[in-house]
Amino acid sequence: MSLSGKTNMNTNMTTNSFLIAKKIHRILVLIIMVLGLTMAVTGTLLKYTWITTDYLTSVDLVQVRSLHSALSTYFGIVLVLMILTGLWMYLYPPLKRAFAKKNTPDNSSEGSG
């Protein structure tokens, strides 16, 4: 396999990894929105207990605390994964340019005489 074939294959693999990271990142954004909204509601209910005592009397604060605690683990995991995929998408364009310059033959060294 020639050098250009290897470079082309590596470029396709890194482009595919970028597209996969982008797709995963979008899914994680949707998940974090749902988890974040749920945690915001439960956190508000835990901070302002008068809401549950005055208006939402059927809501049990122990269950709200338990739900908030259980979701926080998943929220943290999704957030870390989102950071990693976002970091890859942020670093991909400069890395691609750097490797493209490294693998491109330098034509300026060929003199005219």
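Reader: Is H25 buried or exposed?

Author: Burial is judged by relative accessible area: under 20% is buried, over 50% exposed, and anything in between partly exposed (1.4 Å probe, protein chains only). H25 comes out at 17%, so it is buried. This is a predicted model, in which local features need pLDDT of at least 70 and side-chain atom pairs pLDDT 80 or more, while totals for chains, interfaces and linings use all residues. Residues are numbered from 1 along each chain as its sequence is written, and side-chain values use heavy atoms, without hydrogens or water.

Reader: Which residues does H25 touch?

Author: A contact means heavy atoms within 4.5 Å. Leaving aside residues up to four places away in sequence, H25 touches M82, T85, G86 and M89. H25 itself sits in helix α1, residues 3-47; helices are DSSP runs of H or I with at least four residues, numbered from the N terminus.

Reader: Which residues of α3 are buried?

Author: An α-helix has 3.6 residues a turn, so residues three or four places apart point the same way. In α3 the buried ones are V64, L71, V78, M82, T85, M89 and Y92.

Reader: And where in α3 is the kink?

Author: A bend is the angle between axes fitted to the seven residues ending at a position and the seven starting there. In α3 a kink of about 40° lies at Y92, shortly before the proline P93.

Notes
Helix = DSSP H or I, 4+ residues; strand = E, 2+ residues; numbered from the N terminus.
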